[in-house]
Every structure is written in C-alpha cells, then in structure tokens.
Amino acid sequence: MTANLRMCLCLGLSLVFLATTAQTDSPTVRSLDDFPSTKLVYVSDYFSFIGQDHQGYVAFALDNSRGRDGDAYQAEHLVLLHDEKQSWVELQGNGRYDNSGKELKTIPQSPSFRFAGMPYTGMNIVSESNRLTLKIQPIVQRTRKRHDGASVSMGTAQAVLTWQGRTIPGRVIYESFMMSNFNRLTHTYWDMWNEYQGFYLRLGTHDDLYFHSQKSERLAPLMGFRDGFMALNNETGVMRDMNVEVLGRELAWGFYKWPTSWRVTWTGPKGPAVATLKQLSRTSIGNWAIGGFSMTVVIGELEYGGKKMPVYGLAELIM
C-alpha cells in the first residue's frame with residue numbers, strides 16, 4: 001500500500017557474493033537525506049512480482065519492515081508466493097528477525113533473505129532456504145509523495161524470478177515508505193486502516209498498473225483516499241477521477257466481508273479507462289473479528305485507449 005503498507009492492525013534472496021557484500025551495497029529507501037531523529041520511526045521496502053513461464057503465472061510478494069522505538073530496533077518480513085497450478089506456497093522467513101545492527105535506511109539481512117544492490121540501480125534478493133532468487137532491473141520511479149514527516153515512493157521494473165528450477169520473467173512494482181512518530185512494529189493504531197484495498201498489477205507482459213482505495217483519515221494526507229498510476233511503454237500515466245466499485249463480497253471469519261470483484265474507472269492521458277477484476281485466490285494473514293488482513297490474486301481486463309489488455313496481480317486487503 002502504499003505505503004507499503006503491509007501495516008495491518010495486529011501485525012499492519014552468486015550466494016557467496018551476497019554473504020560478503022558490504023553494507024554500502026545494501027538496498028536503501030530513496031532520498032532520506034533528512035532521515036528523522038524522532039523516537040519512533042517506521043520504514044518499509046515492498047516488492048511485488050508478477051511473472052509467467054510455460055507453467056503459468058507466479059506472484060511473489062516480499063515486504064521488509066523495520067523500525068525504531070527509542071533504543072530498540074525491530075525488523076520483519078512478510079513473504080508470500082502464489083503459483084497458478086499449486087495455489088499458495090508456504091515460504092520460510094515470515095515474521096520478526098534480529099535488527100541488532102540498528103538498520104533503518106537499509107534492509108537488514110536476515111537468516112532467510114539476503115540483499116545486494118539498490119532498488120534504483122538494480123538489485124538481487126536471494127533466499128537459499130526457499131530456493132528462490134529475484135533479480136530486479138533498475139527501478140523507474142513513478143510517483144513520490146511527502147507529508148509531515150512521512151514519504152512514499154513507487155516504481156516499476158523488469159525482473160526475473162528463479163524458483164524451484166524455473167526461470168520466470170516478469171515485472172516488479174516497488175514501494176518504499178517512511179513515517180516518523182510512528183512504528184507499527186511496537187504500537188497498535190486502531191484508526192490506521194479502513195477498507196484499504198491496494199492493487200499491484202501487471203498489464204499484458206510489459207506494463208504496470210497500481211491503484212488503491214481506502215477510507216482512513218490518518219493516511220489520506222499522504223496517499224489520498226484513491227490514487228494510482230499506469231506505466232505503459234515505460235511512460236507514467238496519471239489516473240484521474242478514480243472510482244473503485246466493489247461488485248461482490250464473501251463472508252469472513254468475523255463481522256465483516258472480503259471484497260471479491262471490482263469495477264474501477266478513471267481518466268488517463270488517452271481518455272476513459274475501465275478495469276474489471278475478480279478474485280482468483282485469497283489467503284488470510286490476520287483476523288481480529290471486526291476486520292482482517294489478506295492477500296488476493298486477481299485476474300481481469302483493462303479497456304483503455306481503444307485496446308483491451310489482460311490484467312493479473314496481487315491485491316492487499318485490510319478491512
């Protein structure tokens with residue numbers, strides 16, 4: 001979400017080369033020259049990959065969160081993988097891990113994931129335990145916003161996922177997020193999420209689509225209630241007058257419902273656009289009776305500029 005924002009209420013990958021890489025080669029959040037000195041700080045780098053080979057689509061999501069709360073430092077991975085034939089595949093590395101190096105600007109190395117390079121110059125993510133490598137070309141920044149000690153920037157790039165002997169070409173949508181006087185790893189913010197829906201999508205084989213819809217007054221000054229971008233032929237297109245309509249819902253384990261289908265309209269540089277999406281598969285990450293956090297694989301179609309383009313990707317839902 002933005003923001004990355006894998007921040008749910010209750011929550012919020014040669015190998016020798018990586019093991020010996022200097023700290024200065026680690027990926028970092030972009031443009032934090034004025035990195036805050038406040039007691040509470042939260043930072044996240046989120047990578048959402050959608051690729052396809054002769055065996056079908058693979059979606060891989062890795063969120064890398066870290067924070068500071070006074071003299072204490074935290075780090076956490078959220079990792080998910082969906083294979084079109086196998087459905088959701090359990091990977092190692094989910095959850096908290098040690099951040100004794102007190103790293104905030106850089107992603108702390110973990111027992112499950114090793115990082116080399118920088119998002120905007122190209123990087124590798126390697127996980128031996130998961131037999132997984134994600135090689136990302138230099139990220140092209142698409143949007144950047146700042147407000148009152150917080151910043152969020154998003155970009156896209158070509159990428160290749162190697163997993164279980166498969167070599168899968170695809171696209172990555174990257175999101176970096178920083179907020180001062182905030183740390184969801186040590187505090188709970190009950191007003192943070194309200195019908196958050198973030199979509200990280202691949203258009204056809206070479207283009208990207210991102211948008212979100214949410215109702216949180218806390219998040220609105222930074223990211224708005226609705227926003228997004230298209231990247232067509234490597235050109236960034238602004239999405240204006242967006243409307244996200246939920247067409248269908250299903251019961252959750254609690255007093256709420258999960259969205260399952262959508263119709264999204266906006267105006268782009270080439271005129272009106274209409275995207276229709278439906279849930280292919282969903283996995284629950286957190287549930288607190290009155291709300292929950294899940295990731296959903298969605299499939300659909302975009303009508304724009306006199307063309308129809310297939311859409312496939314991940315949706316982050318925090319209800």
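**Exercise 1. Find the bridge partner of Met118 in β7 and describe the pairing around this residue.**

Solution. Met118 has Gly122 of β7 as its bridge partner. Strand β6 covers residues 114-118 and strand β7 covers residues 122-127. The two run antiparallel and are joined by 5 bridges; strands count as paired if DSSP finds at least two bridges between them. Strands here are DSSP runs of E with at least two residues, helices are runs of H or I with at least four, and both are numbered from the N terminus. The link from β6 to β7 is a hairpin of 3 residues.

The model is predicted, so local features need pLDDT of at least 70 and side-chain atom pairs count only at pLDDT 80 or more, while totals for chains, interfaces and linings use all residues. Residues are numbered from 1 along each chain as its sequence is written, and side-chain values use heavy atoms, with hydrogens and water left out.

**Exercise 2. Give the strand order of the open sheet of 9 strands, then its edges.**

Solution. The order is β15-β14-β13-β12-β20-β19-β18-β17-β16, with antiparallel pairing. The edge strands are β15 and β16 (240-251), each of which pairs on one side only. Neighbouring strands are turned by 20 degrees against each other on average, direction ignored; axes are lines fitted to C-alpha atoms, and angles run from 0 to 180 degrees between N-to-C directions. Within the sheet, β19 (residues 292-304) pairs with β20 over 12 bridges. One of the contacts is Glu303, whose bridge partner in β20 is Lys308.

**Exercise 3. Describe the largest pocket by volume and lining.**

Solution. A pocket is an open set of points on a 1 Å grid over the protein atoms alone, with protein on both sides within 12 Å along at least five of seven lines; lining residues have an atom within 4 Å of a point. The volume, the space filled by probe spheres set on the points, is about 270 Å³. Of 13 lining residues, Leu232, Asn233, Lys270, Tyr304 and Met309 are closest to the centre. β15 (235-238) is among the elements that supply at least two residues, and β15 gives the most, with 3.

**Exercise 4. Describe the largest cavity in the same terms.**

Solution. In a cavity, a 1.4 Å probe fits but cannot get out. The largest cavity holds about 120 Å³. Its lining has 12 residues, with Thr143, Lys145, Met154, His212 and Asp227 nearest the centre. β14 contributes the most, with 3 residues.
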